[in-house]
Amino acid sequence: MNLSHKAMPEPIEGSQKNVGHAFDSLCCEHLYLHLSNQVILKDVSFSLPEKGITSLIGPSGAGKSSLLRCITGLNETWQGDIKLNQQHLRQWHGGVDALRKHIGLISQKPSVFPVSIAENVTFGLSRKQRKQNQSTWIQHCLEKAALWDEVKHRLNMPAASLSLGQQQRLCLARALALKPSMLLLDEPTASLDPRSKALIEASLRQLAESMPLLCVTHDLQQTQRLQGQVIFMCDGKIIETGACGDFFEHPKRIETREFLQWSVCDCGD
Amino acid sequence: MMVRRLCKKWVIYPFIKHKVRHFLNPLKIFVALGCVSAVLSVLVLLGFLIQSSLPFWQAFGIQVLWGDAWYPYESLFGFLPAIVGTVWALLIAMIIALPCGLAAAIVSSEMMSETWRNLVRVGMEILAGIPSVVYGLIGLWLLLPFLQHSLDLLTGHNLLAAGMILSLMILPTIMVMSQDALQAISEEQRESAMNLGVDWQQRLFRVLLPQAWPGIRSGILLALGRALGETMAVMLVVGSMDRLPEPFYNILEPAQTLTSRIGREMGEASFGSLHFSALMGCGLILAVMAMGLSLLAQHRSLIR
């Protein structure tokens with residue numbers, strides 16, 4: 001079965017009005033963020049390729065999660081320019097809620113709603129879409145999140161009955177049900193067991209064939225496994241960017257070398 | 001000390017079964033006593049009410065529940081006007097206080113900054129702490145003349161006034177309990193819904209209210225309990241007329257509630273008389289109504 005993003009059946013009635021561009025890419029220019037008189041992001045500029053995984057790494061407090069929150073509109077006080085599909089986020093047609101249907105965000109801690117597994121998958125769809133039979137769509141989303149085989153016989157069970165790893169994959173399926181143009185992942189495997197981690201990484205690799213993924217992670221081994229591009233942030237600034245292999249083998253900046261050195265020590269411990 | 005321990009270990013313990021020994025912990029005994037006393041107090045209260053009102057029930061039977069005349073000195077005891085009055089007052093109070101309290105909780109919990117939220121909460125807690133007689137006096141001097149003049153009534157004493165005063169009294173309970181229930185929902189749940197592009201109305205109806213419902217339900221129950229048992233404020237504004245509203249939905253005429261009747265007549269009834277016993281019967285009906293409400297609120301379909 002071909003599970004690529006474009007081969008997936010359409011949900012009944014498209015959920016986004018902004019879809020229609022030939023490519024989806026994110027472009028941040030001179031982004032600044034101040035929270036409680038503290039500078040969180042300083043002159044952050046980068047762009048994502050049309051598809052593929054970009055890993056965002058850096059020490060804690062570097063501003064990685066804040067950057068994701070700016071993109072999804074959870075932090076609204078940023079200054080600068082963010083464009084998706086060549087369109088400014090602040091002038092997005094339909095407002096911030098419509099924008100969020102376009103960008104899937106998976107957070108570190110899975111947070112499922114206290115309804116059934118199937119209802120969780122269709123939670124973001126409109127009322128009209130939810131009333132129609134979405135079983136094929138639910139199946140495809142769960143398959144893409146590598147969860148279908150484990151839950152196909154208990155779709156009406158409460159989502160809270162799933163393990164943490166399964167819940168995280170359910171969150172992924174829930175985001176995919178809206179057919180997003182890109183996925184933002186905030187340490188999606190931070191608290192998961194190796195098997196769940198491997199399953200999610202496999203799903204992400206497959207999804208990256210059809211859409212851009214921006215993945216915040218502290219796990220440098222995971223970054224190497226996922227390949228793609230790497231952005232290194234420190235103190236709210238982007239220090240270095242590059243292709244995965246090049247980044248790890250030939251870091252250009254002293255801060256990057258220090259960070260990688262510490263991370264290697266940490267892995268060794 | 002040593003001797004005591006040895007006594008416990010070698011003299012007392014061998015004669016007590018293991019399961020019983022497990023409960024000899026002082027803390028466990030205290031908790032168990034607390035639990036038993038809670039159940040026991042309900043039973044004692046009910047038993048006392050039944051026992052003291054028994055002469056009345058024996059003399060007049062259960063048909064007094066739907067009798068509409070109350071003239072104690074002519075041995076006429078009809079409970080229906082007071083029961084209807086009580087239900088009307090409760091209903092009016094809930095119709096006003098529930099949407100207002102819930103809306104206030106949603107606004108303060110979801111839309112206000114923490115400073116404003118705390119300010120509103122302090123205001124509500126002050127409102128909850130005001131003695132009920134003060135509410136009654138406010139009703140007497142402000143609400144009754146207002147109702148009388150604005151609705152062109154003979155008197156402002158009526159069920160609407162009682163319901164309005166009660167709604168003011170139970171508003172803080174509903175608001176504070178609902179606010180606590182909404183605040184207890186994790187930020188992750190809110191953000192997850194936001195990340196799916198769900199607008200705030202849907203977030204409210206599909207994420208927040210269903211999860212906060214057990215807390216809101218408790219607030220409603222407590223508020224109903226307070227409204228049901230409120231005597232002083234209601235007594236001052238309800239008019240204390242023992243007659244059925246004519247027609248039944250006429251809430252602009254003086255009426256009577258169970259609590260108001262007890263409060264007004266208990267001083268006049270001689271201890272042990274049928275009148276006294278009938279007022280105890282009113283208390284029993286109030287207690288049964290409160291228990292019924294409590295059971296209804298814990299019904300499975302409502303919990304969900």
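Tutor: Chain B contains 13 helices and two strands, where a helix is a DSSP run of H or I with at least four residues, a strand is a run of E with at least two, and both are numbered from the N terminus. The model is predicted: local features need pLDDT of at least 70, side-chain atom pairs count only at pLDDT 80 or more, and totals for chains, interfaces and linings use all residues. Residues are numbered from 1 along each chain as its sequence is written, while chains are lettered from A and ligands numbered from 1 in the order in which they are written.

The C-alpha trace of chain B spans about 80 × 65 × 35 Å along its principal axes. Its radius of gyration is 25 Å, whereas a compact globule of 304 residues would have one near 19 Å; this radius is taken over C-alpha atoms, and the globule rule is 2.2 Å times the number of residues to the power 0.38.

Within chain B, 35% of the 304 residues are buried (20 or more other C-beta atoms within 10 Å of the residue's own, with C-beta atoms placed from the backbone). Of the contacts (C-beta atoms, placed from the backbone, within 7 Å) between residues of chain B at least 6 apart in sequence, 76% join residues at least 24 apart.

Where chain B meets chain A, twelve residues of chain B and 16 of chain A take part. On the side of chain A, helix α2 (residues 95–102) gives the most, with four residues.

Terms used:
Two residues are in contact if their C-beta atoms, placed from the backbone, lie within 7 Å. A residue is buried if 20 or more other C-beta atoms lie within 10 Å of its own, exposed if 12 or fewer, and partly exposed in between; C-beta atoms are placed from the backbone.
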